[in-house]
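Subject: Structure handover

Hello,

Here is the structure you will be taking over. Please open it alongside this note; my findings follow below.

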Amino acid sequence: MDIFIPYLFIFLLLPFSIYLILFFQKESSDDTENLPPGTNGWPIFGENIELGLLGLSKFVCDRMEKYSTDVFLTSVLGEKVAVLCGAQGNKMIFTNDGKLVTPWLPLSLRKIIIPDFDLDSSYIEGVSLFHNIQYDLLKPEALRQYIPVMDAMARAHLRDDGWKPHSTVKAQPLINKYIFELACRLFFNVTDPESMQRISRPFAPMRNGMMSLPIDLPWTAYGRGIKAGKKVREEMAKIVEARREERGGEETDLLSKMLELKDEEGKCLSVNKIVSFFVGLMVASYDTTASAATSVVFFLAEYPHVYEKVLKEQKTIAKSKAPGEKLTWEDIEKMKYSWNVAREAIRLVPATPGTFQEAMADISFAGFTIPKGMKTLWTPHSSHHNPEYFPDPKKFDPSRFEGSGPAPYTFVPFGGGPRICPGRTYAKLAMLVLVHNLVTMFRIEKVIPHEKMISGFAATPSHGLHLHLYPH
């Protein structure tokens, strides 16, 4: 008889479970509230499972086809979210920052990246502070001086870090390593391998935890992410504190400039605030820039005729330089075709999932109402693959960016409006400097001809991008 007790328990819970499923899965297009159409998905999990299985690009396109090409509701990362789509959705978000929407981060990101801020005004102030600081430190005029350093590091990386002539390499982890080391050097002048490893080792589980359900248990991605994030912050805090004690040095990295900044009250920024700034900056740099650079290399290997045009442009620049002379801002400005290739790469495979906001008031959009307090999301995936904006959208065609280029609010790899990504110039420089050195040193060929790029929260090649390297 005892063996039937577990089954009896399940039988008794079944009606309640069915009720929960039906309750949470009911369509969200309630006529009385005029909400956008969509679904809440499964209890607790929302649509996180579907999102993980489909990938962000297919998930967004599937929901737009099923519910609405303008806006749809979903439930991800523990929140109900209205996803605004297309050029009009992008425009609504970008032009109404601080009016109808305000920055918001899922709990999983907030607790790991900026745990020192609470959930109300201090969080918003913190986001605004970080954005303003990033804009000042990462504007083009400030980044010009770092181009020779980027060039020297790219050359050294391609000579000494696994890119051996006549060999087969797994390019994605090598590009990731280069972008991470570049950020360590330019942001806080860390160059020794041991120090970088102490930061990089917990970096991956920290990133995994940021885009997970906020369930804080030791075996969950979120729980591991919080623990790893604490380690990353501890290592960065040591660097900041050591540098603060060495004030007066000749360092020209971003940290040295950060230590000179004052808040609105004229006080130096606290160690915790500086660390939060750099954790966010490292995550953005690593995810967005490394993902974008990998996509560019992927398409150069995929399309030999595109590679040849890029090589011709880069050879012209290389021939204009004296032996050993480093790249300059003027050289970057000559890389017009290469930049079109990079932009087409991040159109087809966006390097960012987009950003979240919170409605500050009831918002009327496309005939629906997004109530005050509801979370919103813009994502480049809703416009970058739209044939209305980009004919034959799956085709790789850098000529789309010739002349006036795409229509406003359709190509948004870095967002737009006052919250446009302040690191977009840094990403451009890192990509183009790497491309210059790679194509002038090697001819590249995909080992796995049918390997694809996968659009998740960050773009990634399905098998790590194995390449044959043939030296010029």
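**What was found**

R400 is buried, with a relative accessible area of 14%. Buried means under 20% relative accessible area, exposed means over 50%, and partly exposed is in between (1.4 Å probe, protein chains only).

A word on the source. This is a predicted model: local features need pLDDT of at least 70, side-chain atom pairs count only at pLDDT 80 or more, and totals for chains, interfaces and linings use all residues. Residues are numbered from 1 along each chain as its sequence is written, and side-chain values use heavy atoms, with hydrogens and water left out.

Back to R400. Its place is the loop between α18 (381-384) and α19 (424-441). Helices (H or I, at least four residues) and strands (E, at least two) are DSSP runs, numbered from the N terminus. Leaving aside residues up to four places away in sequence, R400 touches E344, R347, F390, P391, D392, P393, K395, G405 and P406. Contact here means heavy atoms within 4.5 Å.

Y409 is in the loop between α18 and α19 too. Y409 is partly exposed, at 29% relative accessible area. Its phi is positive, about 70 degrees, although Y409 is not a glycine. Most residues other than glycine have a negative phi.

A366 also has a positive phi, of about 55 degrees, and is not a glycine. Look for A366 in the loop between β6 (363-365) and β7 (368-370). A366 counts as partly exposed, at 38% relative accessibility.

Next, helix α11 (residues 203-210). Its buried residues are F203, M206, G209 and M210. Seen down the axis of α11, they fall within an arc of 130 degrees, so they line one face of the helix. The arc is that of the directions from the helix axis to the C-beta atoms. The cover over these buried residues includes α5 (107-113), α9 (171-188), α10 (193-200), α12 (221-245) and α14 (271-302).

Last, the second largest pocket. It holds about 530 Å³ of space. A pocket is an open set of points on a 1 Å grid, where a 1.4 Å probe fits, with protein on both sides within 12 Å along at least five of seven lines; lining residues have an atom within 4 Å of a point. This pocket is lined by 18 residues, and S57, L348, H385, K394 and M453 lie nearest its centre. α3 (56-66), α14 and β10 (453-455) each supply at least two lining residues.

Best wishes

Note on methods
Grid points are joined across faces, edges and corners, and a volume is the space filled by probe spheres set on the points.
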